[in-house]
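Subject: Structure for you to look at

Hello,

Here is the structure I said I would pass on. Please open it first, then read the notes below with it on the screen.

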Amino acid sequence: MDLFIKKRIKAIQKGDQNAYADLVDLYKDKIYRLCYRMLGNRHEAEDAAQEAFIRAYIHIDTYNPEMKFSTWLYRIATNLTIDKLRKRKPDVYLDEEVGGTDGLTMQAQLPSREASPEEAVESLELQETVQRAIEQLPEKYRSVIVLKYMEDLSLQEISEILGLPVGTVKTRLHRGREALRRQLGHL
């Protein structure tokens, strides 16, 4: 597989656009899933995945053949989604006080998201609950959780994608799991 990818990259660097289509076909689902899990929105994920492939194509000359292509591509997609998350502005701040109340916040006004016991048994509902919990994580924890548990990447690969030491990746994984455990303790 690595040999196939390296041949495709050499062909791309010589101007063969069809060779890039092969790489897009190979990685499109994985990159979309990564973007979706980071952003939690199908349309934003489609846009981010497409933009990641465009950036990778434009900057293919900067690709280091010593590195796995998938790691390089994941790094582009992860950085893109983190940028998109940082640019998001909330419409309502949940910690704002509601006017005319004695310290009541917007958070207290939200209906409970807890699923009934029957719904919790259903696999799809459980996946949605976990996805929402992941979306609530700070981006630094969300990215390592998604890359490790959703994309099944090694700590070393995550380290390379995010440009962090392996120890930092381990710490963020631990803290992200703890945050998820607190959020999903009711399940």
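Start with two helices: helix 9 and helix 10 pack with their axes 9 Å apart and at an angle of about 105°. Helices here are DSSP runs of H or I with at least four residues, strands are runs of E with at least two, and both are numbered from the N terminus. Axes are lines fitted to C-alpha atoms, for helices over the stretch in contact, and the angles run from 0 to 180 degrees between N-to-C directions. Helix 9 is therefore roughly perpendicular to helix 10; that label covers 65 to 115 degrees, while under 35 is roughly parallel, over 145 roughly antiparallel and the rest oblique.

Two notes on the source. This is a predicted model, in which local features need pLDDT of at least 70 and side-chain atom pairs count only at pLDDT 80 or more, while totals for chains, interfaces and linings use all residues. Residues are numbered from 1 along each chain as its sequence is written, and side-chain values use heavy atoms, with hydrogens and water left out.

Back to the two helices. On the helix 9 side, Leu155, Gln156, Ile158 and Ser159 meet Val166, Val169, Lys170 and Leu173 of helix 10, where contact means heavy atoms within 4.5 Å. Sorted by class, this contact has 5 nonpolar, 2 polar and 1 charged residues. The nonpolar class is Ala, Val, Leu, Ile, Met, Phe, Trp, Tyr, Cys and Pro, the charged class is Asp, Glu, Lys and Arg, and the others, Gly among them, count as polar.

Helix 8 (residues 139–150) has Tyr141, Arg142, Ser143, Val144, Ile145, Val146 and Leu147 as buried residues. Buried means under 20% relative accessible area, exposed means over 50%, and partly exposed is in between (1.4 Å probe, protein chains only). The buried residues of helix 8 pack against helix 2, helix 4, helix 7 (123–136), helix 9 and helix 10. Just after helix 8, Asp152 has a positive phi of about 55°.

Next, the salt bridges. The rule is a side-chain nitrogen of Lys or Arg within 4 Å of a carboxyl oxygen of Asp or Glu, and by it the count is 8.

- Arg8 and Asp22 form a salt bridge at 3.1 Å, N to O. This pair links distant parts of the chain, with Arg8 in helix 1 (residues 2–13) and Asp22 in helix 2 (residues 17–39), 14 residues apart. Arg8 is partly exposed at 23% relative accessibility, and Asp22 is partly exposed at 30%.
- Glu157 and Lys68 form another, with the closest N and O atoms 2.9 Å apart. Glu157 is in helix 9 (residues 155–162) and Lys68 is in the loop between helix 3 (42–58) and helix 4 (69–87), so the pair ties together parts 89 residues apart in sequence. Glu157 counts as buried at 16%, whereas Lys68 is partly exposed at 42%.
- Arg181 and Glu178 have their closest N and O atoms 2.3 Å apart. Both lie in helix 10 (residues 166–183), 3 residues apart, about one turn of the helix.

Salt bridges that share partners also join Glu51, Arg55 and Lys84 into one network.

How many aromatic pairs does a search of the whole structure find? It finds 6. Rings of Phe, Tyr and Trp (its six-membered ring) pair if their centres lie within 6.5 Å; planes under 30 degrees apart count as stacked, over 60 as edge-to-face and the rest as tilted. Tyr32 and Tyr36 have ring centres 6.1 Å apart and planes at 20°, so this pair is stacked. They are 4 residues apart in helix 2, about one helical turn. Phe69 and Trp72 form a tilted pair, 5.7 Å centre to centre with 45° between the planes. Both of these residues are in helix 4, 3 residues apart, and both are buried. Ring pairs link Tyr27, Tyr63, Phe69 and Trp72 into a cluster.

Last, look at Leu23 in helix 2. Leu23 is buried at 1% relative accessibility. Not counting residues up to four places away in sequence, Leu23 touches Ile5, Arg8, Ile9, Ile12, Phe53 and Phe69. Arg8 is 15 residues from Leu23 along the chain, and their C-alpha atoms are separated by 7.4 Å.

Regards
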